[in-house]
Amino acid sequence: MRLLLAEDEKEMSKAIRAVLEANGYAVDTAFDGVEAVELASQNAYDAMILDIMMPKLDGISALRQIRAGGDVTPVIFLTAKSELDDRVEGLDAGADDYLTKPFALKELLARIRSMTRRRGEYQTGSITLGAVTLKIEEGELSAENAVRLAAKEVRLMEFFMRSPEKEFSTQELFSHVWQDAQDQNKDIVWVYVSYLRSKLRAIDADLEITGEEGGSFALMKK
Amino acid sequence: MSSIYGLNEQALSMARYRLLEMLEQKDRIQFDSTGEHLYDHVVSRIKSDESMREKCRRRGFPETWESALVEMRDALGIRVVCSFIDDIYETRKALSEMEGVRIIEEKDYVGHAKDNGYRSYHLILEIVNPLRPDPKDGPEKLYAEVQVRTIAMDSWAALEHKMKYKKDVRNQEMIVSELKRCADELASCDLSMQTIRDLIRNAK
């Protein structure tokens, strides 16, 4: 696993780096916020450790820039200040966790393990129900045959598969799957349910979506 | 050297046009009643003398009209290319209702795609030989191999064919798996279009 460590105090950086490397991590170091943003844009990290107080660009502003570029790598903040406002601002800027200095390196290691573990579970997204498998990242829905789904079809199918045999109203499905689409109306739910139905049939699935236009829908075993 | 088909070339040609004519007639009937065509287009061919001889040799059969017309069943080939998935099954139904034609074998690679992603509906038809030749000169029945598929499946098959017959393609394995992904995406699009067509129809 590869980590980015952004910490301006040389001695501190050296000490953390040594412990991380001793625990099997590859570590890149940055000594100010600008360098951290630059490295984050060039490399794919499994997690990033950012100090809040850094020259040129503070950790919170650096993280805002990193997140603005669409990077969702887990981030843990290190802060010398224990003020509530700083912690809140850091989390709001997109951090996943924080540690207040001074901290035990053992705790830092545990938090990195926890963050990267969670992310691993999230990313290896593949759900199987009956004879049907949905590979979330690839958008592949398969049983006897395979078809590729569009992004919103994957979201809707994933939602159904995570709660099988449960009824969801058109409104519930709409707000879960289309929450980012202000210009859509609820009629889109029926269209996508219809797509999924024909695709479930085409792969000879042992699952079906029950329900009527505008009403409630559930994913049921046949 | 005379043709492997012997005196049966004209019979094959007549059977071909009879089938095409019946398909056109079914399409016309459907269009008149629903305003929508049964299929987009049809292509057909009679296997060339050379390729039929090559195939018989490869399969270990003598180069005679019996081998070409009785053992082999693809001397006459017809491909029906449809706009929508449901039209494939409508076309199958139309073929099953044709006079003097019998479906003797069929494989649904639409419902059960091949591992590489290939999708099409395959049929072998048996047709009464329109010339009714002397049994020593020609068979009583002729066969036709029919493939029914959507436009998307058709262009996919053309691309896959290109790759299969081109030697030393770079990254062959990657191309094969990308083709499979494409086939599944096209299948998904075909299904979405079918669904939209049904939604429009039902809204009328």
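Predicted model: local features only at pLDDT ≥ 70, side-chain atom pairs only at ≥ 80, totals over all residues.
Tutor: Residues are numbered from 1 along each chain as its sequence is written, and chains are lettered from A and ligands numbered from 1 in the order in which they are written.

Student: Why are α6 and α7 of chain A called oblique?

Tutor: Helix α6(A) (residues 151-162) and helix α7(A) (residues 170-177) pack at about 125°, with axes 10 Å apart. Axes are lines fitted to C-alpha atoms, for helices over the stretch in contact, and angles run from 0 to 180 degrees between N-to-C directions. Under 35 degrees is roughly parallel, over 145 roughly antiparallel, 65 to 115 roughly perpendicular, and the rest oblique. So α6(A) is oblique to α7(A).

Student: What makes these two helices meet, residue by residue?

Tutor: Lys152(A), Arg155(A), Leu156(A) and Phe159(A) in α6(A) meet Leu173(A), His176(A) and Val177(A) in α7(A). Contact requires C-beta atoms, placed from the backbone, within 7 Å. By class, there are four nonpolar, one polar and two charged residues. Nonpolar covers Ala, Val, Leu, Ile, Met, Phe, Trp, Tyr, Cys and Pro; charged covers Asp, Glu, Lys and Arg; the others, Gly among them, are polar.

Student: What makes β2 and β5 edge strands in the sheet of chain A?

Tutor: The open sheet runs β2-β1-β3-β4-β5 (chain A), with parallel pairing. Both β2(A) (26-30) and β5(A) (97-100) have a single partner strand, so one side of each is left without a neighbour in the sheet. The twist averages 20° from one strand to the next.

Student: How do you know that β3 and β4 of chain A really pair?

Tutor: Strands count as paired if DSSP finds at least two bridges between them. β3(A) (residues 47-51) and β4(A) (residues 75-79) have four bridges, in the parallel sense. One example is Leu50(A), whose bridge partner in β4(A) is Phe77(A).

Student: Which residues of α2 in chain A are buried, and what covers them?

Tutor: Buried means 20 or more other C-beta atoms within 10 Å of a residue's own; 12 or fewer is exposed, and in between is partly exposed, with C-beta atoms placed from the backbone. Gly33(A), Glu35(A), Ala36(A), Val37(A) and Ala40(A) are the buried residues of α2(A). Their cover includes β1, β2, β3 and α3 (59-68) of chain A. α2(A) (residues 33-42) lies across β1, β2 and β3 of chain A, at about 165° to β1(A). For chain A as a whole, 33% of its 222 residues are buried.

Student: What makes something a helix or a strand in the count for chain A?

Tutor: Helices are DSSP runs of H or I with at least four residues, strands are runs of E with at least two, and both are numbered from the N terminus. Chain A has eight helices and 12 strands.

Student: Over to chain B: which strands are at the edges of its sheet?

Tutor: The order is β1-β2-β5-β4-β3 (chain B), an open sheet with mixed pairing. β1(B) (41-46) and β3(B) (101-108) each pair on one side only. Inside that order, β4(B) (residues 121-128) and β5(B) (residues 141-150) pair in the antiparallel sense over eight bridges.
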